[in-house]
Structure formats: structure tokens, C-alpha cells
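Q: Hi, could you walk me through this one? I'd like to look at the strands and the packing.

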Amino acid sequence: MKTIKTLAILCVAAIGISSCSNNDNEVTALLSTNLLFTSNNSDGNVNIYNVNNLNAVTKSTLKTSSTAADGIYYNGDEDLVVQSSRSTFGLEGYTGITASTAIISTNITANVTGSLDMASPRELAVNENFYVVADNADADGNADTKDGKLFIYTKNGDQFTLRNTITTNFKLWGIIFIGNDLYAIADTTNELAVFSNFLNNTSTTTVNATKQIAIEGIVRTHGLTYDAATDTMILTDIGDAANGQDDGGFQVIENFTSKFSGTTNGSTLEITEQTRVSGTNTLMGNPVDVAYDGETKTVFIAEAGNGGGRILAFNNINSGGNLTPVYNSDLAAASAVFLYKN
């Protein structure tokens, strides 16, 4: 939903930004810890945006050996960046990455790894030492049935170990934990599902969602994020996947907990209960992932289609509509975003 100290080196100038080196790694201090970590399906690198001030955003790049990647996560307590690689089909973790400094155009090597089990990894959701990846490949070999797999890994030291896999009866994309419940996008639909106490499923089996509802106003949803402090859920809408230019959007659901609970299984959450942002000014065609800063009410979007790919930010979203992004930066085949605030 993201900056960096390498090898315990911290280089800060009294004014502005300065750099220093350690083992030929160039590092530079950033003066805030509002960081947006991003992945992409163009070169597999991790790009980190200092978004403390959207009028003066700086970007740093971690060059990885992956050539395509999707779900991304940052753990400030462990100085760890993790992304799901679409070229190696496994999780890749990079340690020594802190919120104090940023590596600039530096090659990094994954030093937390595991088995390469997946076929089409997408979003990554984390609950303590459990790392869950949504895989949207055809799970049963029958193209006429909609299904997907959730790969559940445990992290212990420098290893990701596959604990078990869960097959779902719908295709997957975005996933997120709210407490112990896993919320999941039903790809190719406008539906949102939840698996209550998801990690209690410890065997490799098929599990049906506890609840699944439709979200009125969405054509095809992909990304989701949740802010616990404001009880706000945001879902993206890619519209027609073939139109990567201007038919996308996102919908904001405030007081999400009560609204989701009040919508019965199989029913629809009405558009009147939401706020929608969409239109040609938004530059959203295929918004595949989203992160949210509930404190400033800023929405960050990984846009995969428009212009070849962008990172977008929106604020003043209260009334919705055809908003112009307050931040717009090219990122080819942008696939995932993760917001880190310290």
C-alpha cells in the first residue's frame, strides 16, 4: 500500500539532502518517513517515493534481479521490503532497508527467500509473520471455472516457508487483512469477499468465503486498501480491461465496518453509501492497486494503463467526481503500492 538506511549508515545534511557511501552503495537521507513503495511489471525494481510533500516528491530506486513484480510490503521494524516476483514466482525480501535513508539507483539482492511455488502472483497481505499471496492463475485447469489460490507463507529469519494453499471459487487480485479476517477482490466482478479468521485454515484445501457482496458502481475491481483509524475502505475499478486510458476509478467507503456488516451475503452495497472518483481528468484507465493516508485523506494509485503506467495521488476527495491528480509520475506497468508512515 514506502526510504532507506543501508548497513546502518545514516548521512544527513543540516540543510537539504546529502549522500555518502558504504561498500559502494550510495545512500541519501530523506527528511520524512511518509514513503510510498511501488512495484511494477516492467523492470521488477522497487521505487520509493518520499510523499511527505506532494509538491516536492523525490524518488529512489532499488534495482532487483526480478523483471516483473506485483504485491509489495514494507516492515519498518525489520527494515524489510518484500515483493511478490512475477518472474521467479516467489517472495523476495530485501533487508537493511530503513525509513531513514534512501538508496539511489542501487542494485540489491534478495536475502530473504523461499520456494518458488506460484504461477501468477498478485497482491501480498501480511499478518505478523504470515505472508499471503493471491495468485490469479487458473487453479483447476478448467478455463470455464473461476478459481484462484492463496499461498500462505511463514517468515522465519531469512526464509519464507510455504505452510499451505487455499483454493477459492473465484479469481483473485487484491487482498488485505483487517484484524484476522482476509478481504479479497473477486476478479472479473464488482464483488468483495471476506474469509473470517483466515489463518485458522491450516490445511491445503478449498475454502468458500464467509461473505461476498457486490459493490454498486464498479465494473471490475482490482485493488483495495483499508485505514483502521478512519474505518475507510477504498476499492479501485479498472472498468473495461481493454480500455487502459480513461474508464477507471476508485470508490471510497467510509464507516466501512458497519456498512459491510449491514449488507447481507450476496447483496449489493449501494452507490449512495460510497464516494466515487472517475473521469477523464483522473488519468485512470486500469488502476490496479491503491494505498490511503487517512490522516490527510490522500489516495495513491498504481495506474497500469494510462500513458503506459503512472503513480497518481488524489486529495480533496470528499465529494468525488472527475478529479485531477495532485501528483502524477510515470512508472511503466505500475502494479502495486504500499504506504509507510512512521
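**Strands and cores**

A: Happy to! Strand β22 (residues 232-237) and strand β23 (residues 249-254) pair in the antiparallel sense over 6 bridges. Do keep in mind that this is a predicted model.

Q: Noted! Which residue stands opposite I234 in β23?

A: That is V252.

Q: And what is the strand order in the open sheet of 4 strands?

A: The order is β21-β22-β23-β25, with antiparallel pairing. At the edges are β21 (221-227) and β25 (275-278), each of which pairs on one side only. From one strand to the next, the twist averages 15°.

Q: How many bridges join β16 to β17?

A: There are 5 bridges between β16 and β17 (residues 181-186), and the two strands run antiparallel. Within that pair, I175 stands opposite A184.

Q: Switching to packing: which residues touch the most other members of the largest nonpolar core?

A: L36, Y183, L192, M233, L235 and F256 do, in a core of 33 residues. Apart from that core lies another, of 27 residues, which includes V46, V133, F151 and Y153.

Q: Let's zoom in on Y183. What does Y183 touch, leaving out residues up to four places away in sequence?

A: Y183 touches G174, I175, I176, I178, L192, A193, V194, L224, M233, F256 and F260 on that count. As a general point, nonpolar side chains tend to be buried together in soluble globular proteins.

Q: Okay, new topic: β27. Why is β27 described as largely enclosed by the rest of the structure?

A: Because 6 of the 6 residues of β27 (residues 298-303) are buried.

Q: Which residues sit on each side of β27?

A: T298, F300 and A302 are on one side, while V299, I301 and E303 are on the other, and all of them are buried, so both faces are covered. In general, side chains in a regular strand alternate between the two faces of the sheet.

Q: What does β26 do with β27?

A: Strand β26 (residues 287-293) pairs with β27 in the antiparallel sense over 6 bridges. A291 stands opposite F300 in β27. The hairpin of β26 and β27 has 4 residues between the strands, and K297 there takes a positive phi near 55°.

Q: How many bridges join β27 to β28?

A: There are 5 bridges, and β27 runs antiparallel to β28 (residues 310-314). V299 stands opposite F314 in β28.

Q: Which residue takes a positive phi in the hairpin of β27 and β28?

A: That is G307, near 70°, in a hairpin with 6 residues between the strands.

Q: Last one, S84: buried or exposed?

A: S84 counts as buried, because its relative accessibility is 0%. S84 is found in strand β7 (residues 80-85).

Q: What lies 2.9 Å from a polar atom of the S84 side chain?

A: The backbone oxygen of R122 does.

Q: And which residues does S84 touch, not counting those up to four places away in sequence?

A: S84 touches A69, D70, G71, G90, L91, P121, R122 and V133.

Key
Residues numbered from 1 in each chain as written. Predicted model: local features only at pLDDT ≥ 70, side-chain atom pairs only at ≥ 80, totals over all residues. Heavy atoms only, no water. Core = buried A, V, L, I, M, F, W, Y, C linked by side-chain atoms within 4.5 Å. Buried < 20%, exposed > 50% of the residue type's maximum accessible area, 1.4 Å probe, protein only. Contact = heavy atoms within 4.5 Å. Pairing = 2+ DSSP bridges. Polar contact = N/O pair within 3.5 Å; in protein donor to acceptor, adjacent residues only side chain to side chain. Axes fitted to C-alpha atoms, helices over the stretch in contact; angles between N-to-C directions.
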